[in-house]
Amino acid sequence: MCIKSNKNIVIIGAGPAGYTAAFRCADLGMKTTLIERYQNLGGVCLNVGCIPSKSLLHVAKTINQSKALSKCGVMFASPIINIKKLINWKEENINKLTFALSHMAKKRGIKVIKGTARFISKNELMISSKKENHKVKFSDVIIATGSKSVKLPFISYKNKRIWTSTEALSIPFIPKNLLIIGGGIIGLEMATIYHSLGTTIDITENHNQILSTVDTDIIKIFLKSIKNKFNVMLETNILDIKEVEDGLLATIDYRGTGKKTIVYDAILVAVGRIPAINELEIEKIGVEINNKGYIKVNKQLQTNIENIYAVGDVIGQPMLAHKGIHQAKIAAEVISGKKHFFDPQVIPNVAYTDPEIAWTGITEKDAKKLNINYKIATFPWSASGRAIASDCSSLGLTKLIFDKDTKRLIGGIIIGRNAGELLSEVSLAIEMGCDAQDIALTIHAHPTLSETISLAAEVYEGTITDLMN
């Protein structure tokens with residue numbers, strides 16, 4: 001049973017962080033208003049990000065696995081892809097979730113206003129829509145407006161062959177060849193989807209490694225897995241893009257060796273995201289922004305103005321829905337009077353590629369930078385019975401990172417099938433302060449992929465029997 005409050009809360013933005021904040025505020029007995037500029041609740045994540053991309057990645061994974069079965073003696077005909085049906089199925093998934101959100105907002109008594117918000121004062125917003133402009137007053141407000149794609153200044157986004165992730169996920173057409181600018185998670189996931197649909201993929205990245213924060217040994221395994229799927233060009237810059245009769249002519253500077261030009265059917269720009277806060281006009285009321293353009297908050301998600309809070313992408317990296325969701329709950333609870341803080345040990349990351357890459361806590365790169373006395377323990381999936389039986393052993397690895405002084409787990413990286421699902425145990429172990437023995441002595445079901453975590457801990461302990469010790 002919730003206790004009614006005299007608080008009048010407004011949440012700006014109805015993505016995962018925004019609707020979570022609204023639902024938690026309502027559950028805590030506060031009068032809650034949720035403002036969303038688009039027609040459906042769910043934000044970028046549900047409508048044009050996480051959910052549609054995972055739907056299409058599921059299709060890509062199924063296509064790839066069906067092809068891989070040919071070496072086991074099971075043959076399928078080449079897939080016939082009905083784009084219209086595929087898009088409809090993806091949209092049905094989105095609609096199920098947006099309907100559920102609207103239903104829950106209504107059941108909780110949350111007032112939903114469609115429009116764009118800007119601050120008039122620290123207690124009042126102006127909401128603009130196609131129909132009207134009107135003011136909304138509040139006692140407290142939570143900013144959860146998310147992020148938007150970075151756009152390159154020399155590219156004309158009016159051309160329908162130039163895509164951001166939003167256009168790519170709508171599948172305007174299946175290009176014969178696709179240039180992806182950016183070797184981060186979004187670029188690699190889009191490459192996975194379009195390659196499975198039959199597109200030839202080039203990826204350019206101006207750094208010397210894709211997924212630059214991930215440990216090099218894991219990336220080497222990943223590059224081995226995709227060498228026949230994507231052409232990855234590191235330390236490469238796009239100098240110019242011009243419209244030509246049969247597509248887009250890209251001028252590429254590859255590792256400073258000279259310019260070359262290639263014509264592409266389409267080009268996806270995936271060079272990062274920036275906070276979507278410009279239209280809020282928060283600078284007029286004195287909300288502080290850091291030097292990277294994010295809203296500054298404390299561990300209770302409070303800005304320098306005591307009744308204004310911010311959560312999710314607008315307050316900085318990592319820009320992940322699950323981070324924003326947890327922050328949203330904390331902000332709502334703080335407003336209700338609870339002495340809660342956002343202070344996680346780890347925030348997990350997952351690249352839903354094929355194979356998946358998932359990491360949490362301190363990476364080996366981090367450990368070296370922080371001068372931590374660490375030790376690595378790895379278990380190759382080539383020694384995992386379940387991985388062998390599931391035909392995913394050759395490119396799978398579970399890597400745990402321990403503090404040698406305390407023997408506590410401080411980080412972990414997994415590459416392989418369903419790595420994102422496996423990672424949660426590693427995150428929980430770090431949050432609970434587990435040491436190597438805690439993990440090694442926890443009986444895991446056999447044969448499973450999850451037991452590679454306990455086996456890696458056994459490697460650290462020197463008790464492993466599945467490998468030569």
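The structure is a predicted model. Its largest nonpolar core has 54 residues, and a second, separate core has 37 residues. Leu-397, which belongs to the second core, also lies in strand S22 (residues 397-403).

**Nonpolar cores**
- Within the largest core, the residues with the most contacts are Ile-12, Phe-119, Leu-125, Ile-142, Ile-143 and Ile-295, while the largest share of this core, 7 residues, is contributed by helix H1 (residues 16-27).

**Strand S22 and its neighbours**
- Because 7 of the 7 residues of S22 are buried, this strand is largely enclosed by the rest of the structure.
- Leu-397, Lys-399, Ile-401 and Asp-403 are buried on one side of S22, and Thr-398, Leu-400 and Phe-402 are buried on the other.
- S22 pairs in the antiparallel sense with strand S21 (residues 374-380) over 7 bridges, and 6 bridges join S22 to strand S23 (residues 409-416), again antiparallel.
- Leu-397 stands opposite Pro-380, and its bridge partner in S23 is Ile-415.
- S22 and S23 form a hairpin with 5 residues between them, and Lys-407 in the turn has a positive phi of about 65°.

**Surface patch**
- Leu-69, Val-74 and Phe-76 form a nonpolar patch on the surface, together presenting about 260 Å² of accessible area.
- Val-74 is located in the loop between helix H3 (50-68) and helix H4 (83-107), and counts as partly exposed because its relative accessibility is 37%.

Key:
Residues are numbered from 1 along each chain as its sequence is written. This is a predicted model: local features need pLDDT of at least 70, side-chain atom pairs count only at pLDDT 80 or more; totals for chains, interfaces and linings use all residues. Side-chain values use heavy atoms; hydrogens and water are left out. Patches are made of residues with over 30% relative accessible area and no salt bridge: like charges are joined within 9 Å, nonpolar side chains (Val, Leu, Ile, Met, Phe, Trp, Tyr) within 5 Å. Accessible areas come from the Shrake-Rupley method with a 1.4 Å probe; for residues, only the protein chains shown count as cover. A salt bridge is a side-chain nitrogen of Lys or Arg within 4 Å of a carboxyl oxygen of Asp or Glu. Helices (H or I, at least four residues) and strands (E, at least two) are DSSP runs, numbered from the N terminus. Buried means under 20% relative accessible area, exposed over 50%, partly exposed in between (1.4 Å probe, protein chains only). A nonpolar core is a set of buried Ala, Val, Leu, Ile, Met, Phe, Trp, Tyr and Cys residues joined through side-chain atoms within 4.5 Å. Two strands pair if DSSP finds at least two bridges between them.
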